[in-house]
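Subject: Model handover and findings

Hello,

Below is the structure you asked to have passed on.

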Amino acid sequence: MHLVVANEAQKAERDHLTYAAWGSPLTVEQFLQRELRLRAHAWSQDGMRTWLLCDDAGQVLTSCETFRTHSFLRDSECQSTPGDSFIIASVFTETALRGHGHATRLMDLVASELERTEPRAQAAVLYSDVGPRIYGRSGYREVPAWDWHLPVLGGPVLHKVDSLLEDKDVPAALARMRRPEVPFFMWPGAEQVDWHLERERIYAELLRRPRPRACGAVVGASTAMWAMMARHGELVVLMLDARSEEDAAALLEAARAQAHKAGLSKVVLWEEPDTMPWVARLPEASREARDGSLPMLRPLREGLPAASDVPFPRALWA
Ligand SMILES: CC(C)(COP(=O)(O)OP(=O)(O)OC[C@H]1O[C@@H](n2cnc3c(N)ncnc32)[C@H](O)[C@@H]1OP(=O)(O)O)[C@@H](O)C(=O)NCCC(=O)NCCS
């Protein structure tokens, strides 16, 4: 068995198979378009790879993708070293080939390959839809994951924001955001955030539904960015940097109002420790155990803290 980086033809072949897992509600043709567009996006062009595990006859046994993101690791002198971390996505084994350890072997080989060939590598992360056990075998550790669900807001807004953000405002919005003061964190670039908006644009076009008019808001020094998950009828908060309880309330109200105008059913916010107490005090907020997308982290070098000490904003999902 050996690891192969897929070429364009091999990626297209995998798209036909992975439709079964991730295609709905798109048609096969629409899903193939989705994949091509996502791979053509600037963030994907800058470091996305599709990996294949092949047997000796060259048959593909299983596949996954990796995306590069920025990360920062503090050393013993409290100096922060910039590096790369890798988001693993779309792990897929055809039904007939499942249960033989292929996906586990792929996870092991991809991590070793990244350790060997990526001098700046700090961590590999993934978001498990199949629980922690399978990836735990390859050294990934899970982080308990909770979501906050907020109803959309059709009535008057009580807390005003200073302005709403459009796609073009993402780089400036990201630059305003405070980075976490923790030993290790990953941080998306503007292109990575825009990749979520590209997904939004793709689904809006293919499913013929309106996009929200804004992709975020600012109030005072606080900033939020969000994206529509058209498939689920939700607005997901990608990043939330709220400097006060009042600001958090204003930004989330703006998100709820935008979700209402776009015909969505709720706003979903991944729980993070800094803003959790404020969100918990919002009268309509409910805390739900996350269904899927369980963050898991595997160090690719020494010196990383425990996975539970690493922040995971939704913008880091792929
Ligand atoms: C998950 C998947 C990649 C596993 O591939 P595989 O080659 O069979 O993986 P392995 O043989 O290495 O490991 C199989 C393990 O995965 C577990 N698994 C598979 N699907 C699962 C699910 N939906 N929920 C929980 N565990 C699951 C199996 O129970 C098995 O566990 P065990 O060995 O501890 O009994 C494959 O089932 C698949 O492609 N599923 C559809 C796409 C998907 O959900 N991908 C994962 C996204 S995070």
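A disulfide here is a pair of cysteine sulfur atoms within 2.5 Å. By that cut-off the structure holds 0 disulfides. The sulfur of Cys-54 has its closest cysteine sulfur in Cys-64, 12 Å away, which is too far for a bond. For accessibility, buried means under 20% relative accessible area, exposed means over 50%, and partly exposed is in between (1.4 Å probe, protein chains only). Cys-54 is buried at 4% relative accessibility, whereas Cys-78 is exposed at 54%.

Some conventions before the rest. This is a predicted model, in which local features need pLDDT of at least 70 and side-chain atom pairs count only at pLDDT 80 or more, while totals for chains, interfaces and linings use all residues. Residues are numbered from 1 along each chain as its sequence is written, and side-chain values use heavy atoms, with hydrogens and water left out.

Domains and their interface

The domain bounds come from an automatic or database domain assignment. That assignment gives domain 1 as 2-144 + 292-316 and domain 2 as 146-289. Their C-alpha centres lie 25 Å apart. With contact taken as heavy atoms within 4.5 Å, 40 residues of domain 1 are in contact with 33 residues of domain 2.

Buried area is the accessible area (1.4 Å probe) that two parts lose on being put together, summed over both. Between domain 1 and domain 2 it is about 3,500 Å², and carbon and sulfur atoms give 64% of that. On the domain 1 side, Arg-37, Phe-72 and Arg-314 lose the most area to domain 2, together 22% of what that side buries.

A polar contact is a pair of N or O atoms within 3.5 Å; within protein, one must be able to donate a hydrogen and the other to accept it, and residues adjacent in sequence count only if both atoms are side-chain atoms. Between the two domains, 14 residue pairs are in polar contact, with both residues at pLDDT 80 or more. Helices (H or I, at least four residues) and strands (E, at least two) are DSSP runs, numbered from the N terminus. Helix H2 (28-40), helix H3 (42-45), strand S3 (60-74), strand S4 (80-92) and strand S5 (121-128) each supply at least two residues of the side of domain 1 that touches domain 2. The largest share of that side, 8 residues, comes from S3.

Salt bridges

A salt bridge is a side-chain nitrogen of Lys or Arg within 4 Å of a carboxyl oxygen of Asp or Glu. The count by this rule comes to 25, and the rule finds 2 across the interface of domain 1 and domain 2. Arg-37 forms a salt bridge with Glu-205, the closest N and O atoms being 2.9 Å apart. Arg-37 also forms one with Glu-198, at 3.2 Å between the closest N and O atoms. This second pair links distant parts of the chain, with Glu-198 in helix H7 (residues 190-206) and Arg-37 in helix H2, 161 residues apart. Glu-198 is buried at 11% relative accessibility, while Arg-37 is partly exposed at 28%.

Glu-115 and Arg-298 meet in a salt bridge at 3.0 Å, N to O. Glu-115 lies in helix H4 (residues 102-117) and Arg-298 in strand S15 (residues 294-299), so the pair ties together parts 183 residues apart in sequence. Glu-115 is partly exposed at 39% and Arg-298 is buried at 16%.

Asp-241 forms a salt bridge with Arg-178, with 2.9 Å between the closest N and O atoms. Asp-241 is in strand S12 (residues 234-241) and Arg-178 in the loop between helix H6 (170-176) and strand S9 (184-187), 63 residues apart. Asp-241 is buried at 6%, and Arg-178 is partly exposed at 45%.

Individual residues

Arg-49 is in strand S2 (residues 49-54). Its side chain makes a polar contact with the side chain of Glu-118 at 2.9 Å.

Ser-128 is in strand S5 and is buried, with a relative accessible area of 2%. The side chain of Ser-128 reaches the backbone oxygen of Gly-131 at 2.6 Å.

Leu-61, in strand S3, is buried at 6% relative accessibility. Beyond residues up to four places away in sequence, Leu-61 touches residues including Leu-53, Cys-54 and His-102.

Regards
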